Amino acid sequence: MTMSIADGGIETALTDRLGQHLREFAAFELLDTAAGRIALTEYYAPFIAVARQQALPLVLDTPTWRANADWGERLGYRADALARINADAVAFVRELDEESPVGAPEIVVNGCVGPRTDEYVAGQRMTAGEAEEYHAPQVRALAEAGADRVTSVTTLDAAEGIGVVRAALAARVPGAVSFIVGADGLLADGSTLDAAIAEVDAATEGGAVGFLVNCAHPAEAARALERAHGAPELERLIGFRLNAARAGTDSADSAADFAAAEIALRNAAPSAHVFGGCCGTDVDHISALARAMGERPTAG
């Protein structure tokens, strides 16, 4: 399968590289100002340049991790404004693709669906049905705007992933689930990665186009794969978008070390073909990933 790169940690790159202040870490608000749209363009442009230079397909997330009801309410956005924002986000990223020269590598516009909450509190978690109802408006807006697929990212448990996949199926858009794991390699509810994948697949009749791991350090993702002990569910992993530093530390890996560690995860997840970044990663990390791909044989 053709290897692809993805962009980096949009929120951390916008704050660290481009000096943007993001309320509640919400990048979508930048779409509402001319200066913000310039900053978003400056965020995405280097990743497009790397993809062109290396002739690799590119997955770009929309800046909509926070563009759901609860976070929108905190920021003063009602349902109609959020629907507009999600649609505008897809159009914005799509325009970057349309500006690419003829014959440039493919850009996949991925509608980013963030979690309802960042912290796992067992008594406050949604059922799969509640998650579908909660996330359906954002998924529908992204789908109707023409996103190539939607992905539930930094997903804390299988139930929320099930809800997003069901919402994607209802909206007739491909849907993926990207889980976050901790230092112990487990999801926040104590599930192993393979068990969570199996639960989503069972509840959606295999409706997800695939699964990823994001917002974890490569060593934490490796621990999750070790815990899975070669389970067949690992064949459903299509990618990794990881952090430059381990949780609770300020010491980040070099771009080269990060890339080597992330690409090495393909030894245990041979179907993985999308490699990108999350917190603390930027163009240097993605460039290193692209170079590492060129040094590694591509699986069929």
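Modeller: By class, the lining of the largest pocket in this predicted model consists of 16 nonpolar, twelve polar and six charged residues. The space in this pocket comes to about 480 Å³. Its lining is made up of 34 residues, and those closest to the pocket centre are Trp65, Val153, Thr154, Asn214 and Cys278. Two or more lining residues come from each of these elements: helix H1 (10-16) and the strands E2 (58-61), E3 (107-113), E4 (149-155), E6 (210-214) and E8 (274-277). Of the elements, E4 has the largest share of the pocket lining, with four residues.

Searching the whole structure turns up one cavity of 30 Å³ or more. The space in the largest cavity is about 30 Å³. Around this cavity are Ile48, Ala51, Arg52, Leu58, Ser100, Ala104, Pro105 and Ile107. Six of these lining residues are nonpolar, one is polar and one is charged. Helix H2 (residues 34-54) contributes the most to the cavity lining, namely three residues.

Asn86 sits in helix H4 (residues 79-98), and it counts as buried because its relative accessibility is 1%, with the cut-off for buried at under 20%. The Asn86 side chain comes to 2.9 Å from the backbone oxygen of Leu82. Leaving aside residues up to four places away in sequence, Asn86 touches Thr64, Ala67, Gln138, Ala141 and Leu142.

Methods: Residues are numbered from 1 along each chain as its sequence is written. This is a predicted model: local features need pLDDT of at least 70, side-chain atom pairs count only at pLDDT 80 or more; totals for chains, interfaces and linings use all residues. Side-chain values use heavy atoms; hydrogens and water are left out. Buried means under 20% relative accessible area, exposed over 50%, partly exposed in between (1.4 Å probe, protein chains only). A polar contact is a pair of N or O atoms within 3.5 Å; within protein, one must be able to donate a hydrogen and the other to accept it, and residues adjacent in sequence count only if both atoms are side-chain atoms. Contact means heavy atoms within 4.5 Å. On a 1 Å grid over the protein atoms alone, a cavity is a set of points where a 1.4 Å probe fits but cannot get out, and a pocket is an open set with protein on both sides within 12 Å along at least five of seven lines; lining residues have an atom within 4 Å of a point. Grid points are joined across faces, edges and corners, and a volume is the space filled by probe spheres set on the points. Ala, Val, Leu, Ile, Met, Phe, Trp, Tyr, Cys and Pro count as nonpolar, Asp, Glu, Lys and Arg as charged, and the others, Gly among them, as polar.
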